[in-house]
Amino acid sequence: MKLLSSREFNRDVSLAKRAAQVEPVLITDRGQPTHVLLSIGEYRRLTGEGDSILELLALPEVVAIDAADLASDGAWDHREPL
């Protein structure tokens, strides 16, 4: 784990961000650990968080959806019949 003082972090944020792509970066204030900088991939791995709907919608490739996969048994369909 890389260790940076808050002064070093403020002086070179880019260095901290590059280091966080490789390993967590521990940031200290007056010698005491105060923050940890992680890559988003590592954060998601630790929290179990998947891609958000906004990230999925922003994907450049088109995703095919099979209409059969969207078939509903009606349990959640509260519309009035036509």
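Strand S2 is mostly covered, with four of its five residues buried. Buried means under 20% relative accessible area, exposed means over 50%, and partly exposed lies in between (1.4 Å probe, protein chains only). Helices (H or I, at least four residues) and strands (E, at least two) are DSSP runs, numbered from the N terminus. The model is predicted: local features need pLDDT of at least 70, side-chain atom pairs count only at pLDDT 80 or more, and totals for chains, interfaces and linings use all residues. Residues are numbered from 1 along each chain as its sequence is written, and side-chain values use heavy atoms, with hydrogens and water left out.

Thr-28 belongs to strand S2. Its relative accessible area is 11%, so Thr-28 is buried. Contact means heavy atoms within 4.5 Å. Leaving aside residues up to four places away in sequence, Thr-28 touches Leu-3, Leu-4, Ser-5, Ser-6, Pro-33 and Thr-34.

## The sheet

Three strands form an open sheet in the order S1-S2-S3, with mixed pairing. S1 and S3 are the edge strands, and each pairs on one side only. From one strand to the next, the twist averages 30°. For such angles, axes are lines fitted to C-alpha atoms (for helices over the stretch in contact), and the angles run from 0 to 180 degrees between N-to-C directions. Two strands pair if DSSP finds at least two bridges between them.

S1 and S2 run parallel and are joined by four bridges. Here Leu-4 has Ile-27 in S2 as its bridge partner. S2 (residues 25–29) and S3 run antiparallel, joined by five bridges. Val-25 stands opposite Leu-37 in S3, and Leu-26 stands opposite Val-36 in S3. The hairpin of S2 and S3 has two residues between the strands, and in it Arg-30 takes a positive phi near 55°. Strand S3 (residues 32–37) is hardly covered: among its six residues, the count of buried residues is zero.

Which residues of helix H2 are buried? In H2 (residues 13–20), they are Ala-16, Ala-19 and Ala-20. These three cover an arc of only 100° around the axis, so they sit on the same side of H2. The arc is that of the directions from the helix axis to the C-beta atoms. An α-helix has 3.6 residues a turn, so residues three or four places apart point the same way.

The face turned away from the buried side of H2 carries the exposed residues Lys-17 and Arg-18. What covers the buried residues of H2 includes strand S1 (2–5), helix H1 (6–11), S2 and S3.

## The nonpolar core

A nonpolar core is a set of buried Ala, Val, Leu, Ile, Met, Phe, Trp, Tyr and Cys residues joined through side-chain atoms within 4.5 Å. The largest one has six residues in all: Leu-4, Ala-16, Ala-19, Ala-20, Val-25 and Ile-27. H2 and S2 each supply at least two residues of this core. H2 gives the most, with three residues.

Val-25 has contacts in several parts of the chain. Not counting residues up to four places away in sequence, Val-25 touches Lys-2, Leu-4, Ala-16, Ala-19, Ala-20, His-35, Val-36 and Leu-37.

## Ser-39 in the loop

Ser-39 lies in the loop between S3 and helix H3 (40–47). Is Ser-39 buried or exposed? Ser-39 counts as buried because its relative accessibility is 11%. Leaving out residues up to four places away in sequence, Ser-39 touches Ala-20 and Gln-21.

## The chain as a whole

Four helices and three strands make up the elements of the chain. From the N terminus on, they run β-α-α-β-β-α-α. Of the 82 residues of the chain, 12% count as buried. Among contacts in the chain with a separation of 6 or more, 10% come from residues 24 or more positions apart.

The chain exposes about 7300 Å², and carbon and sulfur atoms supply 57% of that area. Accessible areas come from the Shrake-Rupley method with a 1.4 Å probe; for residues, only the protein chains shown count as cover.
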